[in-house]
Amino acid sequence: MDLRQLRYFIAAAEERSFTLAARRLNLSQPPLSQHIQTLEAELKTQLLHRTSRRVELTKAGEALLGRGRAILQQIKLAEDEVQSIGAGLIGTLDVGATGSILRGRLAELLAAYRKVAPSVKTTVHEQAPALQIAALLNRTTNICLIRSVPTEHGLTSKLAWREEVVLALPHAHPLAGRKRVALSELASEDHIVLDPNSSEFARYIQKCCVDAGFLPRVSQQVVDAQSIPSLIVAGFGVALVPQSIARFTTADIVFRPIRPSPPSADVFLVFREDETSMVVRNFIKLAVRYLSHRKSPRQAS
């Protein structure tokens, strides 16, 4: 018994007519009758009673009709599932990110992705950038978002969105009344800094300060920029942070642009060069398309 014979039999059984079944299947009646006769011969069982007016099912035919419908339904489900997997509409997506990037545009990107791929199980792993890179190389995550271009072999990246570094300081700080602040003016301040061992971005910020003529006087050191606002409120000093940190932050803190030449806090989508998953490819395509049509924080300021 093959699937074509099964489909022909089901059509004849449901229509109770070879003529109507042949019309439904878009073929002539003789081949339809021949295929069903062949099926009956192979099964050594009569499936249909043929009369001059209509076709009636035998008990064996009734049994095959029920089983046949279930078989075709399972085949349809299998086809749909395989096609959805191939199209990247079913599967899993593991995304690594820091808390500050989640505060930025990643949240809206994930919301947009869930609308187009609701059946993909998406998991966000909040990790330091160094751990994100390690997870990518170990293939425990599919994609990560960090503020530097990866140098590790086998990884590649695309710009997700542009962002710049701003100064975060207490509302009562003397520099809070300024419209902009030069980096060199922060030489005498206590700094809450990102751990230089946690990411290339943290080392980049430190280098920007050195290039401006000073090495930051470290008051507190953290792994994630989203921990910084609480320490500023507690009086531990000022901080150079990505602009997205200003979102959802207490009124006790003010943010001032760095002028001239603000350091960059651009965010990059990082993934493996040999990535074959359509889920990941679709996410990257959506990210590039979605983010390019919306203003970045730098453009909006």
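Where does R139 lie in this predicted model?

1. R139 sits in the loop that runs between α6 (129-137) and β5 (143-146). Its phi is near 65°, which is a positive value in a residue other than glycine.

2. R16 also needs a check of its backbone. Although R16 is not a glycine, its phi is positive, at about 55°. The residue is placed in the loop between α1 and α2 (18-25). With a relative accessible area of 25%, R16 is partly exposed.

3. A further backbone point concerns P260. The peptide bond leading from R259 to P260 is cis, and its omega is near 0°. P260 belongs to the loop between β11 and β12.

4. R259 comes up again through its side chain. It forms a salt bridge with E164, and the closest N and O atoms of the pair are 3.1 Å apart. E164 lies in the loop between β6 (155-161) and β7 (165-170), while R259 lies in the loop between β11 (253-257) and β12 (267-272), so the pair ties together parts that are 95 residues apart in sequence. E164 is buried, with a relative accessible area of 4%, whereas R259 counts as partly exposed at 31% relative accessibility.

5. Two further salt bridges lie within helices. In the pair of E108 with R105, the closest N and O atoms are 3.9 Å apart; the cut-off for a salt bridge is 4 Å. The two residues are three apart in helix α5 (residues 99-116), so about one helical turn separates E108 from R105. E108 counts as partly exposed at 28% relative accessibility, and R105 is buried with a relative accessible area of 6%.

6. K207 and D211 are joined by a salt bridge between their side chains, at 2.9 Å from N to O. Both are in helix α7 (residues 200-211), four residues apart, or about one turn of the helix. D211 counts as exposed, at 57% relative accessibility. Some salt bridges share partners, and these join E14, E15, R24 and R69 into one network. The count for the model comes to 16 salt bridges.

7. Helix α1 (residues 3-15) packs with helix α4 (residues 59-86) at an angle of about 125°, and their axes are 10 Å apart. That angle makes α1 oblique to α4. The crossing of the two helices is left-handed. On the α1 side the contact is made by L3, L6, R7, F9, I10, A13 and E14; on the α4 side it is made by G61, L64, L65, G68, R69, I71, L72 and I75. Sorted by class, the contact of α1 with α4 has ten nonpolar, two polar and three charged residues.

8. The last point is L175, found in the loop between β7 and β8 (190-194). L175 is buried, at a relative accessible area of 11%. Leaving aside residues up to four places away in sequence, L175 touches L167, L169, V181, E185, L186, E189 and R256. One of these, L186, is eleven residues from L175 along the chain, and their C-alpha atoms are separated by 9.6 Å.

Definitions and conventions: Residues numbered from 1 in each chain as written. Predicted model: local features only at pLDDT ≥ 70, side-chain atom pairs only at ≥ 80, totals over all residues. Heavy atoms only, no water. Axes fitted to C-alpha atoms, helices over the stretch in contact; angles between N-to-C directions. Parallel < 35°, antiparallel > 145°, perpendicular 65-115°, else oblique. Left-handed = near helix turned anticlockwise from the far one by under 90°. Contact = heavy atoms within 4.5 Å. Nonpolar A, V, L, I, M, F, W, Y, C, P; charged D, E, K, R; others polar. Buried < 20%, exposed > 50% of the residue type's maximum accessible area, 1.4 Å probe, protein only.
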